[in-house]
Amino acid sequence: MVDHSESMALRTLVTDAESGVLLFGITPPRLSIAPERIREITAVTLARLDVLNVDGLALYDIDDESDRNPEERPFPYLPTMDPAAYHAEYLGEWNRPAVIYRCVGKYTEAELRTWLRMADADRVLGVFVGASSKDKAIHTRLSTAHVLRRDVRPDLLLGGVAITERPDEHLRLITKQEAGCAYFISQVIYSADAAKSMVSDYYYVCRERQLAPKPVLFTLSVCGSVKTLAFLKWLGVEVPRWLENSLLHADDTLAESYEHCLANARDLIAFCRKLGMPFGFLVESVSIRKVEIEASVALAHELSGLLGRTAR
């Protein structure tokens with residue numbers, strides 16, 4: 001049975017632009033995995049999440065981003081289940097909201113329209129993701145997807161992606177906000193300075209234009225190996241050189257990155273609260289290594305405490 005009070009709690013946090021949203025993000029299982037195994041993986045995941053005081057679960061939509069970077073991808077691209085299908089078919093026991101990503105270029109307008117019509121706006125929020133590069137062949141442009149959502153399901157809360165490393169990102173956020181985005185979720189953050197600069201620019205341009213700033217959720221992801229670090233850089237994540245050196249030479253790369261994620265979280269919480277900027281976090285868990293999954297869960301638990309929440 002769905003607890004609609006839980007669903008409304010996240011909608012209220014987002015629409016009222018209050019500080020402190022906390023999400024946990026996962027990748028749906030690979031398409032090659034058998035249904036029985038998917039059920040087993042899902043049961044273990046839900047058991048881990050049951051003790052966490054998070055507002056919702058984010059389900060990523062994985063796309064081949066080889067057009068983004070000509071260099072060899074550190075991890076191979078493996079197609080995964082559609083996040084909406086995974087949510088509908090396997091996550092019936094999850095009684096909190098789900099934030100479902102849509103890489104809109106993968107889908108035709110008809111497919112997006114069908115998803116928008118079918119989505120339960122009390123349980124599901126969306127995040128539209130544009131093409132990974134301007135040269136990528138796509139079915140639907142991001143601007144078209146925004147118009148579709150406005151026409152088909154204006155009641156479905158929609159978020160957008162924020163890439164803190166881009167100098168003009170605050171202006172892109174304004175454009176997305178005007179197109180209907182109610183919140184933003186950043187790409188993985190390893191540079192708190194880049195995140196603070198983007199948020200500051202966005203906050204003050206909103207004030208200039210007499211707009212209420214929308215919440216920005218900062219994505220934190222532990223890095224358990226040198227190969228994962230290479231993948232983060234391949235994706236375009238800014239890793240300060242001093243931190244890259246620390247991670248490359250650490251006795252325990254995972255522990256080093258964990259402490260850095262926590263330090264960034266504390267820095268961003270203090271900065272946003274002082275500024276009066278609505279914020280939150282998404283703790284990402286996309287590794288298949290148990291030690292990294294457990295570190296992500298521990299990080300979400302510590303963040304819950306930093307945000308002043310009590311345990312579930």
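**Salt bridges, surface charge and local backbone features**

Asp-155 and Arg-153 form a salt bridge, with 2.9 Å between the closest N and O atoms. The model is predicted, and this applies to every value below. Asp-155 sits in the loop between α5 (142-152) and β5 (158-162). The two partners differ in cover. Asp-155 is partly exposed because its relative accessible area is 41%, between the limits of 20% and 50%. Arg-153 has 13% relative accessibility and therefore counts as buried, the limit being under 20%. Ala-121 lies 34 residues away in sequence, yet the C-alpha atoms of Asp-155 and Ala-121 are separated by 6.8 Å.

In total, the structure holds 14 salt bridges. One of them joins the side chains of Asp-55 and Arg-309, at 2.7 Å from N to O. Asp-55 and Arg-309 are both buried.

A further salt bridge connects Arg-172 with Asp-168, where the closest N and O atoms are 3.3 Å apart. Arg-172 has 35% relative accessibility, so this residue counts as partly exposed. Asp-168 is also partly exposed, because its relative accessible area is 33%. The pair is part of a network of salt bridges that links Arg-166, Asp-168, Glu-169 and Arg-172.

Asp-251, Asp-252, Glu-256, Glu-259 and Glu-302 form a negative surface patch. Members of a patch have over 30% relative accessible area and no salt bridge.

Cysteine pairing was examined next. How many disulfides does a search of the whole structure find? The search returns 0 disulfides. A disulfide is a covalent bond between the sulfur atoms of two cysteines. Cover was computed for two cysteines. Cys-181 is buried, because its relative accessible area of 2% is under 20%. Cys-206 has 0% relative accessibility and so counts as buried.

One backbone feature concerns Gln-210. Most residues other than glycine have a negative phi. Gln-210 is not a glycine, but its phi is positive, at about 60 degrees. This residue lies in the loop between α7 (192-208) and β7 (216-220). Is Gln-210 buried or exposed? With 76% relative accessibility, Gln-210 counts as exposed, because the limit is over 50%.

Ala-85 is located in helix α3 (residues 83-90). At 24% relative accessibility, this alanine lies between 20% and 50% and therefore counts as partly exposed. From C-alpha to C-alpha, Ala-85 and Trp-115 are 10.0 Å apart in space. Along the sequence, 30 residues separate Ala-85 from Trp-115.

Technical notes:
Residues are numbered from 1 along each chain as its sequence is written. This is a predicted model: local features need pLDDT of at least 70, side-chain atom pairs count only at pLDDT 80 or more; totals for chains, interfaces and linings use all residues. Side-chain values use heavy atoms; hydrogens and water are left out. Patches are made of residues with over 30% relative accessible area and no salt bridge: like charges are joined within 9 Å, nonpolar side chains (Val, Leu, Ile, Met, Phe, Trp, Tyr) within 5 Å. Accessible areas come from the Shrake-Rupley method with a 1.4 Å probe; for residues, only the protein chains shown count as cover. A salt bridge is a side-chain nitrogen of Lys or Arg within 4 Å of a carboxyl oxygen of Asp or Glu. Lys and Arg count as positive and Asp and Glu as negative; His and the chain ends are not counted. The place of a charge is taken as NZ of Lys, CZ of Arg, CG of Asp or CD of Glu. Helices (H or I, at least four residues) and strands (E, at least two) are DSSP runs, numbered from the N terminus. Buried means under 20% relative accessible area, exposed over 50%, partly exposed in between (1.4 Å probe, protein chains only). A disulfide is a pair of cysteine sulfur atoms within 2.5 Å.
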